Amino acid sequence: MVGRNDLCPCGSGKKYKKCCLNKDKKNLILKQKMDFSQKYDMNITQKLYSYSRKERFYDEYLKAQERFYILKDDEINNKFLSFFNTYYLHDFITSTNKTMAILFYEENKNNLNVIEKNILREKIKSYISVYEIISIEEDKVVLKDLILNSETYVEDVNIFESLNVGELIIGRIAKVVEVNKFIDTILSISPKIKDVIIKDINNMYEKSKSIYKDMITFLIYNTNIFYKYIQQLIEPKVGEYLKSNKKDGNVDKSEKVKENSDNSCSVEELVKGNIEDEYLEVALTVWREYKNSNEKIKGNENGWASALEYYAKKEKGASVTQGEIAKKYKVSPSTLGKRYKEIKSISN
């Protein structure tokens, strides 16, 4: 062990305390944080994965594969397995209109500790984006989110050993036990690919702006768009297949947008993406009761979602007006009021 007054092992000729001591302390603290984070992350991920592979979810697993993979080729698809697992656990909407992580949380919350609950919550809120590396420091890497036009950082600095400032990457960040880190493999991309992705994402968001309160919500509920890009970047045959089908008229861009947005456009997902956690259960419970009592539900999804939020907040005694919530969902107060009366009739 190097003493404080010994010569620094880096060869600078300075004493250790005046050279690399503070840097080594920082590195040690970071390593301990990363190890602690990794331990809990692996533990809860294994629990969640084991839960998701129960026999009762077999059909859900097959549906997730069908929605995620572009090619029906096991050898090629094995290259994307880690991405698929993240998608299946945290993004895929099951037949219950919930993700596997939410189902697991609801069934096991009494047996989970605070750290495990927080990891699940943070991953549910995570999304994929395009980043530019701004600076690589001893204890963090500063990144610019090029879709949200904001800065963030990650602390898993080791994965940037072969990367340089100014390079572009695709990745998914989550805060896991107080450590900002990537929860999937990161991919380097060229400026040309970056421009294509950002243009496509912005166009898709503009077309569905009335459904999502902001771009972050859009990204959270549409990770599958990025996973399609990732498959093309990793395996050239995927891109060739899509180009070939597009020439034959078998792939229409609007259909791909629809595929990625089908589940995201549901009333439940609108509510989940906009309402505060403390009101969510009340809103979803009354909505399911209403659906069970009405075979055909007509009307704008935003109108229903706004009414559910208003109902939940009134039930919880919150001080809120129909106008405030109607504005949030971009509907008229009269639309909200009409739907609110219909929902309230179920609870009377």
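In which sense do S2 and strand S3 (residues 150-154) pair, and over how many bridges? S2 and S3 pair in the antiparallel sense, over five bridges. Two strands count as paired if DSSP finds at least two bridges between them. Helices (H or I, at least four residues) and strands (E, at least two) are DSSP runs, numbered from the N terminus.

This is a predicted model: local features need pLDDT of at least 70, side-chain atom pairs count only at pLDDT 80 or more, and totals for chains, interfaces and linings use all residues. Residues are numbered from 1 along each chain as its sequence is written, and side-chain values use heavy atoms, with hydrogens and water left out.

**The strands**

S2 also pairs with strand S1 (residues 127-136), again in the antiparallel sense over five bridges. The pairings are set out below.

A hairpin of four residues joins S1 to S2. S2 and S3 form a hairpin too, with four residues between them. In that turn, asparagine 149 has a positive phi of about 55°. Four of the five residues of S2 (residues 141-145) are buried, so the strand is largely enclosed by the rest of the structure. Buried means under 20% relative accessible area, exposed over 50%, and partly exposed in between (1.4 Å probe, protein chains only).

**The core**

The largest nonpolar core has 96 residues. Such a core is a set of buried Ala, Val, Leu, Ile, Met, Phe, Trp, Tyr and Cys residues joined through side-chain atoms within 4.5 Å. Tyr88, Leu143, Phe160, Phe182, Ile201, Phe218 and Phe226 touch the most other members. Helix H14 (residues 301-315) gives the most to this core, with seven residues. Domain 1 (44-234) and domain 2 (267-345) both contribute, so the core lies between them. Those bounds come from an automatic or database domain assignment.

Leaving aside neighbours within four places in sequence, phenylalanine 160 is in contact with Ile133, Ile136, Val141, Leu143, Val154, Ile169 and Phe182. Contact means heavy atoms within 4.5 Å.

**Helix H7**

H7 (residues 191-207) has 17 residues. Its buried residues are Lys194, Ile197, Ile198, Asp200, Ile201, Met204 and Tyr205. Seen down the helix axis, they fall within an arc of 165°, so they line one face of H7. The arc is that of the directions from the axis to the C-beta atoms. On the other side, Pro191, Lys192, Lys199 and Lys207 are exposed.

Key
The expected span of a helix is 1.5 Å times one less than its number of residues.
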